[in-house]
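Reader: Can you walk me through this one? I'd like to start with the inside.

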Amino acid sequence: KRYLFDLKWKDDYSCLKCGNTKGFVGKDKFSKRCTKCGYHESSTVFTIFHRLRFPIQKAFYIVFLVYANKGDINAVELSEIVDLRLNTAWAFKKKVIERIEAKSKTDDSEGWSYLILDE
């Protein structure tokens with residue numbers, strides 16, 4: 001979550017609700033809360049990890065594996081490697097591949113980290 005925190009707010013914080021540029025640490029240490037309206041934003045909101053129901057470390061690993069293998073890794077292998085149910089691994093792999101396809105049309109960034117943010 002620290003990596004997401006740094007990636008999202010590396011330039012500056014801006015509240016999604018009111019546009020205020022001042023915030024402080026929210027409910028957990030990797031979230032932000034607006035000083036003006038009190039809106040709380042988790043570091044996973046507007047990322048590929050939003051509403052994730054399994055450990056974020058496993059999700060990062062799946063993103064890396066799918067990107068490194070150019071999508072040519074099947075869900076059975078993924079589920080065994082990261083120790084998740086087959087359907088869970090398949091659904092997240094599908095999400096990653098959709099993100100790769102969408103970003104490849106608009107973004108020519110190097111590396112896999114550009115897949116994380118929704119921008």
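Author: In the largest nonpolar core, which has 24 residues, those touching the most other members are Phe49, Ile62, Val63, Val66, Leu78, Phe92 and Val96. A nonpolar core here is a set of buried Ala, Val, Leu, Ile, Met, Phe, Trp, Tyr and Cys residues joined through side-chain atoms within 4.5 Å. Buried means under 20% relative accessible area, exposed over 50%, and partly exposed in between (1.4 Å probe, protein chains only).

Reader: Which elements give two or more residues to this core?

Author: Those are α1 (2–8), α2, α3 and α4 (86–106), and α2 gives the most, with seven residues. Helices are DSSP runs of H or I, at least four residues, numbered from the N terminus.

Reader: Where does the model come from?

Author: The model is predicted; local features need pLDDT of at least 70, side-chain atom pairs count only at pLDDT 80 or more, and totals for chains, interfaces and linings use all residues. Residues are numbered from 1 along each chain as its sequence is written, and side-chain values use heavy atoms, with hydrogens and water left out.

Reader: Back to α3. Which residues are buried there?

Author: In α3 (residues 75–82), Ala75, Leu78, Ser79 and Val82 are buried. They sit on the same side of α3 because they cover an arc of only 95 degrees around the axis, taken from the directions from the helix axis to the C-beta atoms.

Reader: What caps the N-terminal end of α3?

Author: Asn74 does, with a side-chain oxygen 3.1 Å from the backbone nitrogen of Val76. Just after α3, Asp83 has a positive phi of about 60 degrees.

Reader: Is Tyr61 buried or partly exposed?

Author: Tyr61, in helix α2 (residues 56–68), is partly exposed, at 39% relative accessible area.

Terms used:
Polar contact = N/O pair within 3.5 Å; in protein donor to acceptor, adjacent residues only side chain to side chain.
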